[in-house]
Amino acid sequence: MDLTTVLAHYDRQLRREAPADPGTSMHRDATVVRQTGGPDDWNGVLWSALDDATADAAIAEQTRHFAARGLPYEWKVYTHDRPADLGDRLRAAGFVPEPPESLMVARTDDLATETALPEGVRLATVTGEEGVELLARVHAEVFGTPAAHLRHRLLTQLAQNPDALVMVVALAGEVPVSSARLELPAGTDFAGLWGGGTLPAWRGRGIYRALVARRARLAAARGFRYLQVDATDQSSPILTRLGFATLSTTTPYIRTP
């Protein structure tokens, strides 16, 4: 892959021209793209084109917008964003950074689409409210956080744009031990890997790799050229071995009204 070209396509398709999540609205101007929804939706800034002279005013404007609605919001900052001290300016404005993640991409045609699973484990594509509950259950156990926001977003997406979401669960017998989802934004080259998590007792057995392979096959069948993922330090080594390359690093900056 020509990583510079792929990053330019990513910035255009999934940041500057990103489709709005179901139930939200997107504001776009020459300097900022932001999404606004309700308290359980993702609210924040996806893209910005700022400089030393415009950054502070833009930060203040976005904060006024979300504060007027009583909403916390996220500003996703990438290492190639400008100005170079954007993160410092956000911290000075009351934002709190979360751990950085690696933006990783692979061509779907380059990825293995079949891997071995532990004995007694199978992958199931799940649907509807029951499928959402399985993903939410695994999410809460793996990440130790409430899954109310995730449940709301998945149910909204299934109601309004079901073709853009695939949910996959790894089952040991009938017990969910790992889960992940594949998001398929129309009109883009990039399918997204999201929410991959495995219960501690089942890690290191190839389940995460199998979930990536299953979603790669599904994305390729739908005509998507690339898979992209915001990878934690835990998953990025696995993804590197599978053939993913790092395009950038992204840090979520959170501001609560």
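**Group meeting: rings, pockets and cavities in a predicted model**

Okay, let's start with tyrosine 73, which is buried at a relative accessible area of 3%; buried means under 20%, exposed over 50%, and partly exposed in between, with a 1.4 Å probe and protein chains only. Before I go on, this is a predicted model, so local features need pLDDT of at least 70, side-chain atom pairs count only at pLDDT 80 or more, and totals for chains, interfaces and linings use all residues. Residues are numbered from 1 along each chain as its sequence is written, and side-chain values use heavy atoms, with hydrogens and water left out.

So, what does the ring of tyrosine 73 pair with? A search of the whole structure turns up six aromatic pairs. Here, rings of Phe, Tyr and Trp (its six-membered ring) pair if their centres lie within 6.5 Å; planes under 30 degrees apart are stacked, over 60 edge-to-face, and the rest tilted. Phenylalanine 66 and tyrosine 73 have ring centres 4.3 Å apart and planes at 20 degrees, so that pair is stacked. Both of those residues, phenylalanine 66 and tyrosine 73, are buried. Then there's tyrosine 73 with phenylalanine 95: centres 5.2 Å apart, planes at 85 degrees, so that one is edge-to-face. This second pair links distant parts of the chain, with tyrosine 73 in strand S4 (residues 73–78) and phenylalanine 95 in the loop between helix H3 (86–92) and strand S5 (96–97), 22 residues apart. Phenylalanine 95 is buried too, with a relative accessible area of 3%.

Elsewhere, Tyr10, Tyr78, Phe190 and Tyr226 make up one aromatic cluster. And arginine 205 puts its charged end over the ring of tryptophan 202, 4.5 Å from the centre; the rule there is NZ of Lys or CZ of Arg within 6 Å of the ring centre and within 35 degrees of the ring normal.

Stepping back, the protein has seven helices and 12 strands, which are DSSP runs numbered from the N terminus (helices H or I, at least four residues; strands E, at least two). Of its 257 residues, 48% count as buried. The C-alpha atoms fill a box of roughly 60 × 40 × 30 Å along the principal axes.

On a 1 Å grid over the protein atoms alone, a cavity is a set of points where a 1.4 Å probe fits but cannot get out; a pocket is an open set with protein on both sides within 12 Å along at least five of seven lines, and lining residues have an atom within 4 Å of a point. Points are joined across faces, edges and corners, and a volume is the space filled by probe spheres set on them.

The second largest pocket holds about 150 Å³. Its lining includes Tyr78, Asp81, Arg82 and Tyr253. S4, H3 and strand S12 (245–255) each give two or more residues to that lining, and S12 has the largest share, with three.

How many cavities of 30 Å³ or more are there? Three. The largest has a volume of about 50 Å³, and its lining is Leu135, His139, Leu150, Ser179, Arg181 and Gly195.

Last one: aspartate 51 sits in the loop between strand S3 (44–48) and helix H2 (55–67), and at 39% relative accessibility it counts as partly exposed.
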